[in-house]
Amino acid sequence: MLVLRDVQKTDLPGLKRLAAVLNTVNLPNNEETLEAIIDKSVKSFAGRVKDPFEREYLFVLEDVRNNLIIGTSMIIAQHGTYEAPHIYYEVSEREHYSASLERHLRHKVLSIAYNYEGPTEIGGLVVDPPYRATQDKPGKQLSFVRFLFISMHRRLFRPRILAELLPPLLPDGRSLLWEACGKKFTGLTYLEADRLSRQNKEFIKELFPSSDIYASLFPDRVQKVLGEVGPATRGVQRMLERVGFRYVERIDPFDGGPHFEADTADISLVRRYRTLKLTDEDFQLEGDDVLVAAERESGRNRFRSVRCHARLDNTTISLPARAREILEVKTGAKLSIIPFE
Ligand SMILES: CC(C)(COP(=O)(O)OP(=O)(O)OC[C@H]1O[C@@H](n2cnc3c(N)ncnc32)[C@H](O)[C@@H]1OP(=O)(O)O)[C@@H](O)C(=O)NCCC(=O)NCCSC(=O)CCC(=O)O
């Protein structure tokens, strides 16, 4: 069985192993960066970051048989502040018509835009390759757990949620849009720029052109990736669309990956969130497929969640003994639940 939980300081070696396997922009293979991400998350879960909108939460999925961390996902309470705006390209269509030539042309136009009171962002979703698309659906667990946590703490999050999806990249990890555009205005590589932009947005504002860019000027293969989702991320897109997210005609100014958004209150999983009391029954049948979470004030970690079959009624929930054990809960505990369908 797998457990979803808040990351701990002791998880650094486990995350390093995962980052070394993946080396993606989502989980950078750099000890200092990983330490900083863990530290911020531990403080966020503990409520030790005073402003709730400055909190960033990292969830890990652990295989309890061998204590291996097999994936991660994140929530950034607010993406886009006065210090670090959320920067994107608004994608629009512009029409030109010449009566004398009888020529009518449509162009895709990219306009740089800034958001200072941004939405909550979900991101950092990765699963160790051998575990991907297995029966447990680890990617789906890591994706859904964030909606469970947000449902449990609505006041700590914004009324809108953003997911920036990864576009197709070249085999060596470079981005076609970056090579055609961002690189020419910054003199940086895609990876350098991505790393820098985590701490510093100023250089983007200063170095990127402030005027509109006609995408028609890019080679065809660059135009094709604008707003496209990469092959490894299509499952994520489908999961998000199914719970209510839509493409909002905005793309990442670095790599062209599309932005998907939803109103928090409209996300199907948030609407179907409930809290129930745990019974003493050891439920071993095929019941409802759910994601169940328990929280505590202190101890080894604060948040734990499992996917399992359960019996639900209006006020109570019965779980398999193994799920109770993993959640470390006793009869009468208040549990939080969303469907896993
Ligand atoms: C994306 C994940 C995390 C997905 O993990 P898994 O492969 O374990 O997925 P899973 O749980 O088995 O399946 C989840 C759901 O997606 C469906 N699914 C899986 N692959 C699919 C594909 N290629 N096309 C269409 N649907 C697909 C499954 O049927 C299932 O839905 P059913 O319920 O129908 O069965 C992984 O593939 C991965 O690490 N990829 C590389 C990194 C990556 O691209 N990360 C996303 C970056 S974008 C990001 O981080 C922001 C967005 C976000 O955080 O949510």
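**Close-up views of the ligand site and a pocket**

**View 1. Composition of the shell around the ligand.** In this predicted model, the shell around the ligand is made up of eleven nonpolar, six polar and eight charged residues. The ligand has 25 residues around it, and those that come nearest are Leu125, Lys137, Lys140, Arg146 and Thr233. Among the elements that each supply at least two residues of this shell are the strand β6 (120–127) and the helices α3 (138–152) and α8 (234–243).

View 2. Lys140, which is one of the residues that come nearest to the ligand, places an N or O atom of its side chain 2.6 Å from an oxygen atom of the ligand. Thr233, also listed among the nearest residues, has a polar side-chain atom at 2.7 Å from a ligand oxygen atom. At Gly139 the atom concerned belongs to the backbone, a polar atom that is 3.0 Å from an oxygen atom of the ligand. As for cover, the ligand taken alone exposes 1100 Å², and the protein buries 82% of that area.

**View 3. The second largest pocket and its lining.** The volume of the second largest pocket is about 220 Å³, and its lining consists of 14 residues, with Phe45, His153, Glu295, Arg296 and Arg302 lying nearest the centre of the pocket. Sorted by residue class, the lining of this second largest pocket comprises six nonpolar, three polar and five charged residues.

Conventions. Residues are numbered from 1 along each chain as its sequence is written. This is a predicted model: local features need pLDDT of at least 70, side-chain atom pairs count only at pLDDT 80 or more; totals for chains, interfaces and linings use all residues. Side-chain values use heavy atoms; hydrogens and water are left out. A residue is near a molecule or strand if one of its heavy atoms lies within 4 Å of it. A polar contact is a pair of N or O atoms within 3.5 Å; within protein, one must be able to donate a hydrogen and the other to accept it, and residues adjacent in sequence count only if both atoms are side-chain atoms. Accessible areas come from the Shrake-Rupley method with a 1.4 Å probe; for residues, only the protein chains shown count as cover. Helices (H or I, at least four residues) and strands (E, at least two) are DSSP runs, numbered from the N terminus. Ala, Val, Leu, Ile, Met, Phe, Trp, Tyr, Cys and Pro count as nonpolar, Asp, Glu, Lys and Arg as charged, and the others, Gly among them, as polar. On a 1 Å grid over the protein atoms alone, a cavity is a set of points where a 1.4 Å probe fits but cannot get out, and a pocket is an open set with protein on both sides within 12 Å along at least five of seven lines; lining residues have an atom within 4 Å of a point. Grid points are joined across faces, edges and corners, and a volume is the space filled by probe spheres set on the points.
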